[in-house]
Amino acid sequence: MKRYQRIRALIIAIFLLGVALQGCARTAGPQEYRKDIFALNTWVNIRIYTGKEGPDILDKAIKRIEEIENRMSVTIQDSDVSRINSNAGKQPVKVHDDTFEVIKKALEYAEISNGVFDITIYPIVKLWGITSEHPRVPTEAEIQDKLRFVDYRNVVLNEAEKTVYLKEPGMGIDLGAIAKGYAADEVARILKEEGVVHALINMGGNVVAMGGKPNGQPWRIGVQDPRAEGARRHIAIIEVMDGSVVSSGDYERYFEEAGKRYHHIFDPSTGYPANSGLMATTVVAPNSIDADALSTTVFVMGVERGLELVDKLEGIDALAITFDKKIYTSKGLKGKLIVTDKEYELQS
Amino acid sequence: MRMPMKVGDLIVYIFAVALIMVGLLGMYAMGTQGGDKSVVVELDGQEVYSCRVYKGMAPVEFRVDAGNGQYNIVLITYEEVKIKEANCPDQVCVKSGPIRHAGQAIVCLPHRVVVKITAGHEETPDVDDIAS
Amino acid sequence: MNKVRKMVMLALIISQALVLHLIEGFMPVVAPGIKLGLANIMTLVTLVLFGFKEALVVVIVRSVLGSLLAGSVTAMLYSLAGGILSCLVMGWLYFRWRAYFSMMGISTAGAIFHNIGQLLVASWVFGTIGILFTYLPVLTVAAVGTGFFVGLASRYIIKYLEEQKWFKWERG
């Protein structure tokens with residue numbers, strides 16, 4: 001019997017050794033790293049798939065977001081934007097290259113959209129105070145008074161000096177409709193530089209997809225349900241390998257007074273929240289800065305003019321959701337949108 | 001000891017035939033549930049790849065690198081999953097044909113590769129993120 | 001037969017089983033470690049000439065040593081599971097139902113269970129019972145072939161050994 005015992009002991013020993021050896025034979029592949037922070041007045045979530053250097057890469061990206069925030073926020077006292085606004089009608093202000101670039105891009109979109117997209121809307125934004133503690137509906141006279149300052153053509157750029165000048169005292173700019181997109185693009189650029197292939201960035205609803213999922217399938221980006229009352233719920237899905245998906249809508253920031261909803265996207269021609277029959281728009285574009293600017297633009301323009309504009313732009317698609325829960329898409333999105341909520345009807 | 005076949009031998013052969021049937025039936029009977037599915041590819045019992053299978057998806061080709069130049073190419077479509085090509089000695093994984101239902105699996109023992117279809121509601125969310 | 005002689009005989013048988021085991025290792029049928037079970041020749045011979053316990057020892061020592069010399073832990077698991085299961089079945093058939101089976105019948109049953117044992121381990125290792133179903137048909141067909149060959153070979157070896165004067169004497 002002793003012999004059997006010895007054999008048994010030997011077998012057990014070899015098993016244990018084998019199990020132990022197999023344990024270390026495995027090498028770690030790319031891993032998911034995530035980061036959630038509050039920046040640019042919104043939640044930022046970055047997901048990357050990479051090796052051990054993941055956390056360092058994320059830190060770099062976060063640093064860049066903070067840098068952008070410090071330059072482009074209207075609430076930070078010594079930001080480029082604050083300095084531009086406080087020097088309106090006084091003198092040109094020298095700004096960082098990135099601020100200059102964003103303002104330039106914003107003016108391009110103002111041009112393309114005939115002033116529907118206008119960063120000089122800031123006096124109106126301040127008047128309504130929708131993002132503040134005490135929003136209110138201003139009087140018609142107040143609005144007309146502030147509307148005088150809204151005109152993108154009064155923003156003077158000096159390419160050589162990298163200065164920005166607002167011609168009229170009382171003017172102000174707000175990069176809120178474009179800065180998030182720029183920051184998301186910058187994060188994507190940094191990730192690419194660091195060799196990250198697969199990533200998903202969500203900058204307060206501005207989604208940037210990079211390289212598809214690690215398994216080779218496209219990223220599936222949901223289109224926010226505009227009537228989810230604060231919940232994260234989607235009504236449709238857009239598949240993206242590389243590119244950005246950005247939504248704008250009356251559901252993001254608003255207050256209600258006398259049963260009427262007043263949201264944060266203003267129509268520069270009226271000084272009131274845009275009322276083009278849309279609850280929300282979503283734009284798909286290679287760069288997030290374009291998607292960001294255009295989602296606002298299409299929202300203000302409405303289905304017809306908005307989608308017509310998008311169809312003219314290369315590589316850019318959009319969808320618009322009307323109050324009667326119908327979804328209209330640009331030509332490039334036809335057949336690609338997966339509607340998941342039966343209440344919403346896809347128009348062809 | 002006598003050469004001719006005995007009763008018992010016959011039982012053994014009948015048993016063998018029964019086993020072959022069990023194997024073939026088992027391959028088909030393993031799960032016939034419909035619904036949401038995902039495909040998981042394992043190497044040495046470790047998940048190396050997984051993806052959701054849904055209507056209208058683009059076909060996915062995944063190459064399993066089992067080391068030492070050994071490979072299997074898995075082709076995943078909405079309709080079926082199969083091993084398109086492999087350089088294993090027995091080619092059982094290629095010859096065993098496509099699988100379609102949750103619970104089914106293709107196995108390549110020489111390369112320690114398992115491709116299985118799972119009923120995929122759990123960890124595979126509908127969307128990866130929401131643009132809001 | 002005294003203890004020492006028996007041990008020497010068993011050692012010889014084990015070494016022969018080991019050689020068969022290793023030769024088989026050069027022609028992997030399905031996966032490294034999964035074998036047709038040619039070494040079952042020696043298991044069957046031991047079973048008939050020495051008894052069940054001795055056969056089990058031959059199987060275990062052969063599997064462990066064989067896998068240590070050429071193979072992996074999984075190979076050893078396959079080998080042990082297949083060998084032991086096949087030895088149990090062959091022993092049961094031989095000692096209980098000998099009258100109804102030829103050597104080939106017993107060894108075929110042994111070969112089939114040799115494969116079932118290996119596939120069960122493979123299913124456990126890979127975590128899918130699918131392996132069992134997928135490979136059962138192929139390996140069962142193969143088992144009928146090897147089983148016949150193993151049975152035939154064992155029959156001749158046993159017949160030869162039993163005819164040898166020295167062996168008869170040894171066996172006492």
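The legends below describe close-up views of a predicted model.

**View 1. The largest nonpolar core, with 99 residues.** Ile201(A) and Ile221(A) have the most contacts inside this core. Helix α8 of chain A, spanning residues 288-301, provides the largest share, 8 residues. The core lies between domain 1 (75-173) and domain 2 (218-346) of chain A, because both domains give residues to it.

**View 2. Surroundings of Ile201(A) in the largest core.** Leaving aside residues up to four places away in sequence, Ile201(A) touches Ile46(A), Ala184(A), Val187(A), Ala188(A), Val207(A) and Val208(A).

**View 3. The contact between chain A and chain B.** Here 22 residues of chain A meet 13 residues of chain B. On the chain B side, β2 (46-53), β3 (60-67) and β8 (129-131) supply at least two residues each, and the largest share, 4 residues, belongs to β2(B). By class, this side of chain B consists of 7 nonpolar, 3 polar and 3 charged residues.

**View 4. Strand pairing between chain A and chain B.** Strand β8 of chain A (residues 219-224) runs parallel to β8(B), and 3 bridges join the two. Within this pairing, Asp129(B) of β8(B) stands opposite Ile221(A), a residue that is also among those with the most contacts inside the largest nonpolar core.

**View 5. The helices of chain C.** Chain C contains 7 helices and 0 strands, giving the pattern α-α-α-α-α-α-α along the sequence. Of its 172 residues, 52% count as buried. Among contacts in chain C between residues at least 6 apart in sequence, those joining residues at least 24 apart make up 73%.

Conventions: Residues are numbered from 1 along each chain as its sequence is written. Chains are lettered from A and ligands numbered from 1 in the order in which they are written. This is a predicted model: local features need pLDDT of at least 70, side-chain atom pairs count only at pLDDT 80 or more; totals for chains, interfaces and linings use all residues. A nonpolar core is a set of buried Ala, Val, Leu, Ile, Met, Phe, Trp, Tyr and Cys residues joined through C-beta atoms within 7 Å. A residue is buried if 20 or more other C-beta atoms lie within 10 Å of its own, exposed if 12 or fewer, and partly exposed in between; C-beta atoms are placed from the backbone. Domain bounds come from an automatic or database domain assignment. Two residues are in contact if their C-beta atoms, placed from the backbone, lie within 7 Å. Ala, Val, Leu, Ile, Met, Phe, Trp, Tyr, Cys and Pro count as nonpolar, Asp, Glu, Lys and Arg as charged, and the others, Gly among them, as polar. Two strands pair if DSSP finds at least two bridges between them.
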